[in-house]
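Dear colleague,

I am passing on the structure below, as promised. My notes on what was found in it follow, with the conventions given where each term comes up.

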Amino acid sequence: MEMISTTLDAIEKEKRYGAHNYSPMPVVLTSGQGVSVWDAEGKRYYDFLSAYSAVNQGHCHPKIVDAMVTQAKTITLTSRAFYNDKLGLAEEYICKYFGYDKSLFMNSGAEAVETAIKLVRKWGYKKKNLSEGTAEIAVVGGNFHGRTTGIISFSTDTSSTDGFGPMMQGYHIIPYNDAPALEKILAGNPNICGFLLEPIQGEAGVLVPDDGYLSAVQAICKKYNVKLIIDEIQTGIGRTGKRLASDYDKVKADILILGKALSGGVIPVSAVLCDDEIMLCIQPGEHGSTFGGNPIAAVVTIASLEVMEEESLTENSYQMGQIFRERMSRLKDKRPDIISAVRGKGLLNAMDIIPGEKTGTAGNVCLALMENGLLCKPTHQHTIRFSPPLVITEEQIHTCCDIIEKVILAIEVNH
Ligand SMILES: Cc1ncc(COP(=O)(O)O)c(C=O)c1O
């Protein structure tokens with residue numbers, strides 16, 4: 001294989017031969033270890049995106065990589081036409097870990113969301129006695145659940161939807177963080193069988209709902225016999241300082257969706273968990289995936305969750321998050337002309353930037369951070385998400401806060 005030697009070569013090739021469906025930061029990463037990544041010229045950066053929270057356990061975690069390599073030399077794929085000797089182990093591990101009867105492994109997050117939608121519809125017909133073709137689902141504005149045509153059918157982001165219609169029917173969009181709106185829609189629509197949401201909206205800009213919102217919607221769902229579907233693809237597996245973000249409200253989803261860090265960012269693995277009452281509504285032949293539940297995914301999942309426990313990464317995420325927000329809040333107090341808000345939980349955090357002549361947009365601030373050795377990406381024009389691997393140490397988090405502080409304080413007063 002031809003070797004790409006410089007940043008410019010790599011960017012040029014992607015631009016020439018790849019689809020233009022992303023606008024990456026102008027950095028070409030060639031290796032990673034823990035919280036660090038290196039570019040084509042050997043410059044080191046702190047990774048403050050963690051591949052959108054997939055690399056919670058740190059880049060190239062040796063235990064996870066070893067599990068993958070050993071399995072890859074043994075058997076990689078059997079398909080679900082046959083049993084393999086690893087899937088059952090992973091299913092047992094994940095069910096016991098999160099407290100559910102059953103699990104269903106897929107690959108990408110979007111596939112897991114689609115799986116959850118199919119499961120709840122099937123449950124609606126079989127257990128809630130809805131007439132065929134009438135099942136509906138409530139979702140919230142600002143959601144991000146993936147990119148399939150089914151999922152974008154209930155997106156409120158025009159860049160996700162424009163030019164991709166026709167959209168699928170059967171969704172009701174209500175405001176986020178508004179429990180009375182849920183009660184109203186469920187009371188008036190008996191065909192709704194599921195309510196799908198993120199416990200913190202990641203792509204919308206790390207929007208944290210009020211304490212008690214999740215427990216309120218759980219109670220409303222119970223009242224109307226509607227299944228609560230929580231998408232923890234970005235927020236789960238320690239990212240927010242708890243095993244699941246819903247743990248803050250002591251809420252257990254009826255259907256839990258996981259992805260990203262389930263594999264430590266090593267290969268695509270996602271899963272849906274629920275109890276028998278829902279999972280057994282789907283019968284052989286009704287849903288599946290060639291790669292879903294492959295033996296590499298199975299061993300990688302177990303290793304990834306074991307690493308979370310062995311290294312107390314959830315607890316670390318909680319503590320490092322406190323330090324990060326405390327330092328960023330002090331920075332906001334120093335520069336209220338640049339920073340309008342700091343928020344988040346654990347190590348899923350965001351800063352809102354006040355755009356100005358000297359500041360530019362959040363994107364310009366990210367470029368300045370990159371120059372100074374810290375990689376992150378704006379979620380929207382004015383918001384920067386900060387989500388480093390959960391293995392980050394206290395010393396490293398202070399060093400990174402120093403970098404952010406230096407960049408923000410260097411911006412001349414905006415007038
Ligand atoms: C909350 C949430 N759900 C679903 C997805 C889609 O996951 P994937 O990109 O693996 O399909 C994402 C990805 O960012 C996400 O953040």
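By class, how many nonpolar, polar and charged residues does the shell around the ligand have? The shell holds three nonpolar, five polar and three charged residues, where Ala, Val, Leu, Ile, Met, Phe, Trp, Tyr, Cys and Pro count as nonpolar, Asp, Glu, Lys and Arg as charged, and the others, Gly among them, as polar.

Before the details, please keep in mind that this is a predicted model, in which local features need pLDDT of at least 70 and side-chain atom pairs count only at pLDDT 80 or more, while totals for chains, interfaces and linings use all residues. Residues are numbered from 1 along each chain as its sequence is written, and side-chain values use heavy atoms, with hydrogens and water left out.

The ligand site

The residues around the ligand are Ser 108, Gly 109, Ala 110, Phe 144, His 145, Gly 146, Glu 198, Asp 231, Ile 233, Gln 234 and Lys 260, a residue being listed if one of its heavy atoms lies within 4 Å of the molecule. Ala 110 places a backbone N or O atom 2.8 Å from a ligand oxygen atom, and in Gln 234 a side-chain N or O atom is 2.8 Å from an oxygen atom of the ligand. A polar side-chain atom of Lys 260 lies 2.7 Å from an oxygen atom of the ligand. The ligand on its own has 400 Å² of accessible area, of which the protein covers 81%; such areas come from the Shrake-Rupley method with a 1.4 Å probe, and for residues only the protein chains shown count as cover.

The seven-stranded sheet

Helices (H or I, at least four residues) and strands (E, at least two) are DSSP runs numbered from the N terminus, and two strands pair if DSSP finds at least two bridges between them. On that basis, seven strands form an open sheet in the order S4-S10-S9-S8-S7-S5-S6, with mixed pairing. Its edge strands, S4 (102-106) and S6 (171-174), each pair on one side only, and the twist averages 20 degrees from one strand to the next. Angles here run from 0 to 180 degrees between N-to-C directions, with axes taken as lines fitted to C-alpha atoms, for helices over the stretch in contact. Within this sheet, S7 (residues 192-197) and S8 (residues 227-231) run parallel and are joined by four bridges, with Leu 196 opposite Ile 229 in S8. Helix H8 (residues 179-188) packs on the sheet, touching S5 (136-140), S6 and S7, and its direction makes about 155 degrees with that of S6; contact means heavy atoms within 4.5 Å. Helix H4 (87-98) lies across S4, S9 (255-258) and S10 (270-274), running at about 120 degrees to S4.

The four-stranded sheet

A further open sheet has four strands in the order S11-S12-S15-S14, with antiparallel pairing. Strands S11 (339-345) and S14 (377-380) are at its edges, each pairing on one side only, and the twist from one strand to the next averages 30 degrees. Four bridges pair S12 (residues 348-353) with S15 (residues 383-386) in the antiparallel sense, and Asn 349 has Phe 386 as its bridge partner in S15. Helix H12 (residues 313-334) packs on this sheet, where it touches S11, S12 and S15, and its direction makes about 170 degrees with that of S11.

Two hairpins

Strands S1 (residues 29-33) and S2 (residues 36-39) pair in the antiparallel sense over four bridges, and they form a hairpin with two residues between them, where Gly 34 in the turn has a positive phi of about 60 degrees. S2 is also joined by three bridges to S3 (residues 44-47), again antiparallel, in a hairpin with four residues between the strands and with Gly 42 in the turn at a positive phi of about 90 degrees. Gln 33 stands opposite Ser 36 in S2, and Trp 38 stands opposite Arg 44 in S3.

Local backbone points

Most residues other than glycine have a negative phi, and most peptide bonds are trans. The peptide bond from Gly 165 to Pro 166 is cis, with omega near 0 degrees, and Pro 166 is in the loop between helix H7 (158-161) and S6. Cys 60, in the loop between helix H2 (50-53) and H3, has a positive phi near 50 degrees.

Definitions and conventions
A polar contact is a pair of N or O atoms within 3.5 Å; within protein, one must be able to donate a hydrogen and the other to accept it, and residues adjacent in sequence count only if both atoms are side-chain atoms.
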